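Here's a quick briefing on how the inside of this protein is packed. Have a look at the structure, then work through the points below.

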Amino acid sequence: MKRSLSKGWSVGIDKERCTLCEVCAVRCPTGALSLSRTGAGVSLRFTGTLCDGCGGAFPCRSGCPEKILTIERTARASSERPRILAKGRIVRCSLCGALIASQKKVDRALRAKGVSAWCPACRRNRLIRNLIA
């Protein structure tokens, strides 16, 4: 029986098409993919030592709405340090100023649904106000 020389997993993404929507990080059961927010910035990080390949199921890749994740076995041991896969700016609500989502995610929603860059609380308040008026 031939033994595999694979020692870890590597994740790659198309940085231009990633909207930092958080789906891959939420679906990653080991925390290998995570989102990090600092001030008005956000980054998607991969920690190779935490990735076990999910038995080949790859919920992170199957859940990605943009279908931009690639996952491969690597012959060398994975790094313990998180690697930044994508980064972007977080948009503030145009009404109250709260941080709501990445710029790319908001841009995609604006194009697809014609929604305004409002946080959930302001959106709910506007809806209620419109229903009452």
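Predicted model: local features only at pLDDT ≥ 70, side-chain atom pairs only at ≥ 80, totals over all residues.

Residues are numbered from 1 along each chain as its sequence is written, and side-chain values use heavy atoms, with hydrogens and water left out.

**The core**
- Leu-69 is also among the residues with the most contacts inside the largest nonpolar core, along with Ile-13, Leu-33 and Leu-44; that core has 23 residues.
- Strands E1 (8-13), E3 (41-46), E4 (69-74) and E5 (83-92) and helix H1 (23-27) each give it two or more residues.
- A nonpolar core is a set of buried Ala, Val, Leu, Ile, Met, Phe, Trp, Tyr and Cys residues joined through side-chain atoms within 4.5 Å, and buried means under 20% relative accessible area with a 1.4 Å probe, protein chains only.
- Helices (H or I, at least four residues) and strands (E, at least two) are DSSP runs, numbered from the N terminus.

**The cavities**
- There are two cavities of 30 Å³ or more; on a 1 Å grid over the protein atoms alone, a cavity is a set of points where a 1.4 Å probe fits but cannot get out, and lining residues have an atom within 4 Å of a point.
- The largest has a volume of about 100 Å³, and of its 15 lining residues, Cys-28, Cys-51, Gly-53, Cys-54 and Cys-60 lie nearest its centre.
- The second largest cavity comes in at about 80 Å³, with Cys-18, Leu-20, Cys-21, Cys-24 and Leu-44 nearest its centre among 13 lining residues.

How values were computed: Buried < 20%, exposed > 50% of the residue type's maximum accessible area, 1.4 Å probe, protein only. 1 Å grid on protein atoms, 1.4 Å probe; cavity = no way out; pocket = protein on both sides within 12 Å on 5 of 7 lines; lining within 4 Å. Points joined across faces, edges and corners; volume = space filled by probe spheres on them.
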